[in-house]
Amino acid sequence: MEEQILITMRDITKTFPGVVALDHAQLTLRKGEIHALMGENGAGKSTIIKCLTGVYERDAGEIHMAGIEGNIFNHSTQEAQKIGIATVYQEVNLCPNLSVAENLFIGREPRTKLGMVDWKVMNRKARKIMDDLKIRLDVTNILENYSLAIQQMVAIARAVDMDCKVLILDEPTSSLDDTEVAKLFHLMRGLKKKGVGILFVTHFLEQVYEVCDRITVMRNGKFVNEYDVAELPRMQLVAAMLGKDFDDLATIKPEGASAAGGELVVEARNLSHKGTIKPFDFEIRKGEVVGVTGLLGSGRSEMVRCIYGVDRAQTGTEKMHGKDLKINAPIDSIKAGMGFLPDDRKADGCFAELSVRENIILALQARQGLFHTLPMAKQNELADQFIDLLQIKTPSRETPLSQLSGGNQQKVILARWLCTHPDFLILDEPTRGIDIGTKTEFQRLVLKFASEGMSIVFISSEIDEMLRTCSRMCVMRDGAKVGEIDGEMTQESVMAAIAGGEQQ
Amino acid sequence: MSGKDQLDRAKRGIDSNTLLLFITIALFVVMYAVGCIVYSGKGFAHVQTFLNLFITNAGLICVACGMTCVMLTGGIDISVGSLIAMDCMILAYGMGVKGYPSIPLLVFVLTVGIVFGFVQGFLVGYLQIQPFIVTMAGLFFARGMTAVICTDQISITEKANPTFYAWANAKIYLPAFLGYTNNRGKVQIPFIRPTVIIALVTVVVIFLLLKYTKFGRALYAVGGNETSAAMMGLNVKRTKLMAYVLSSFLCSIGGICYCLNTMSGSVQQAKGFEMDAIASAVIGGTLLTGGVGNVIGSLFGVQITGTIHTLVTTNGKLLSSWANIATAALLCFFIVLQSVFAYVKNRSK
């Protein structure tokens, strides 16, 4: 064991009902290093962090920290803070309505002899802290008057001032622009010199190569490997994150039906949404299946959300079947014949208390208008038809959606869109978190609908899955569409496109 | 404070919350000035009229202070009107019917307030029930309890309790030069009542509490972002509980002031008082979402609603309901103003 090691986590296991979130995962953090923790969705990054900071209690495994005897078990974030483990989240955990100084000191305010809060001392100390970190701001100003980057730095400053030895930054850069990121990195390098161990969670490859010393890659709740950044080419990193060992899926004919000559269904020019996706063009033909690939956070979902109009496009034009399309709200795109299966089904797609039948007919009902109720017989017929077609495993069509398994919930939401007979269907990570058998079924369904003339956008973190279904792929990186690939696609060519930049 | 900070401050100007407070104060001054000019013949410009605002609203000022504290945490307390009725009934029944002495009764009323607030605060803070529901239960309970104690209207007469009667009628005179000579040639020296002192002390104490104590700052933090407050090691549950205890305690102080004004207790007393308190706090710049506001604003909020009532009564010809309509218009004005500020702030980011 090196003496510089700050934290060792070994054999960490954590299960949630039905899911093994962490499976003997491990992590080593050294003094004065910036350590990237990388992995795709469901890799277990946040779970392992939460086990460290006491948000979750691990089922098994050991955590050791330099200077502390024995196995550490944090029961709350406060306990973790006491031994010097501080976390700064993407959504800043400070009070926006208080001044910068107060945010640094609340809960431990300097006080006068009378026990009153001593604002003078507090402001002076706060100014000193910010000056030391070379952040220029007025500590008496209210926090929400400052940009998110500054707010994050205040959060970091608070953590540092509370003598943290380990600083965890959970996707701090997702909503920052380039200059703000540069400021943050400057601060991180300063802390590194002081010997703080920084654990940096991010999706952005560029940033990892810019600021980190080591990388731990996780996949499916397991530890993949730890690398020195200098010795790890991008391609290898992407390969490690995505993994190549998922050939266990049943093979489907890898022929994404090519539809080169077909009629253009959707044509988007120069669409963008401020802060999420830079301007892009997109088109899709009748019967075509187009994939959108890129790492998580690269703008995959953001792009389709913009096309569908959940995030209203701020620039550009969109045409459907050659006619101009003005989307103010999703109801416009539904009426135009689009369907959208969002990636976060809990938040965006699922009405858990409603029955399977109600969930299925919802979009059709919305398109018809709320005053033209579908006859019950028709509703029942539709529900039964799709339960049968998609083989949804449910006790009955009146069962609340919450009682179904994840994969079946996903099918119900798919059915919701299918019964509106969309010309254009967007599937954002439809297969995440469902078992392999259902995944294969899903892919077959996608190909079947496409052969019947539907145009489909298919997004998945698993390249294999898209290779099997798509005839063309849009490549996303760092919030922009960087290109398209078609023709002969292989894992390697796709991964190279995703990694971009320096190639082997 | 260093020169740099002052410069920064000057540059950014006044932040929107302070601006709201200034608007409230300015509005009060303008309304009062207009009243002085239009109704100078009816005595509106007399110092006493101004002081009467405090005398009439002493109870409301105390209650609004408590309401502000609760609203800072993002909560609400709609039980205060009923609690005042119950307090008045306890005092009136105790003194007027049973003939108990005043000091123990006052202590009892304050204790009732603390216990009442503790129960509500426990339900809101520790059992995490919606404050609206909890205090609505409190509202029904207190109003019902008032009727259980006695359904009649009871007055506290001089005979029943001379001490209390003396307090109610005590006049604290201000310097004579502030007075005026009435048309019979007699000099009217302006005065206030003890309740005004109670109310103003309450405002000052709560102002200091909010600004200079850990508890006060915790109220703001909890209202700003509950999760963050907990993450930063504040005891959110206890802070909320204490806010409701404080609110009911101040409400009981307000109840005593109210009783000193009316010298009676009845089931129908102080109906809708909670809404007056909320309206005053909102006009004073307290956000219903929590985290923003202070008692100085609420004090002026009370005075503004009070001025409206005085203007309407001084006019004499207007239906008294016009005061309600004016209050409604003002409320809308302030709420729209708040959201306009919030919108501008978001836009400029």
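These are my notebook entries on a predicted model, written for someone meeting this structure for the first time.

**Entry 1: the overall build of chain A**

I began with the size of chain A. Its C-alpha atoms fill a box of roughly 75 × 50 × 45 Å along the principal axes. I then looked up the radius of gyration, which is 25 Å for chain A. A compact globule with 504 residues would have a value near 23 Å, so the two agree.

Next I asked how many helices and strands chain A has. I found 17 helices and 19 strands. Buried residues make up 48% of the 504 residues in this chain. I also checked the contacts in chain A with a separation of 6 or more, and 69% of them are between residues 24 or more positions apart.

**Entry 2: the domains**

I looked up the domain assignment of chain A. Domain 1 covers 5-97 + 142-232, and domain 2 covers 264-499. Taken over C-alpha atoms, the centres of these two domains of chain A are separated by 33 Å.

**Entry 3: strand β1 and its partners**

I turned to strand β1 of chain A, residues 5-16. With strand β2 (residues 19-30) of chain A, β1 runs antiparallel, and eight bridges join the two. To see one pair for myself, I picked A:T8, and its bridge partner in β2(A) is A:T28.

Which way does β4(A) run relative to β1(A), parallel or antiparallel? I found that β1(A) and strand β4 (residues 60-65) run antiparallel, with five bridges between them. Here I noted A:T13, which stands opposite A:A60 in β4(A).

**Entry 4: helix α9 of chain A**

Why is helix α9 (residues 300-308) of chain A largely enclosed by the rest of the structure? I checked its residues, and nine of the nine are buried, so the rest of the structure largely encloses this helix. Among them are A:R300, A:E302 and A:R305, along with A:M303, A:V304 and A:I307.

**Entry 5: where chains A and B touch**

My last stop was the contact between the chains. Chain B brings 23 residues to the contact and chain A brings 19. On the side of chain B that touches chain A, the elements giving two or more residues are α1 (3-12), α9 (214-224) and α10 (226-231) of chain B. I noted that α9(B) gives the most, with six residues. By class, that side of chain B has eight nonpolar, eight polar and seven charged residues.

Key: Residues are numbered from 1 along each chain as its sequence is written. Chains are lettered from A and ligands numbered from 1 in the order in which they are written. This is a predicted model: local features need pLDDT of at least 70, side-chain atom pairs count only at pLDDT 80 or more; totals for chains, interfaces and linings use all residues. Domain bounds come from an automatic or database domain assignment. A residue is buried if 20 or more other C-beta atoms lie within 10 Å of its own, exposed if 12 or fewer, and partly exposed in between; C-beta atoms are placed from the backbone. Helices (H or I, at least four residues) and strands (E, at least two) are DSSP runs, numbered from the N terminus. Two residues are in contact if their C-beta atoms, placed from the backbone, lie within 7 Å. Ala, Val, Leu, Ile, Met, Phe, Trp, Tyr, Cys and Pro count as nonpolar, Asp, Glu, Lys and Arg as charged, and the others, Gly among them, as polar. Two strands pair if DSSP finds at least two bridges between them. The radius of gyration is taken over C-alpha atoms; the globule rule is 2.2 Å times the number of residues to the power 0.38.
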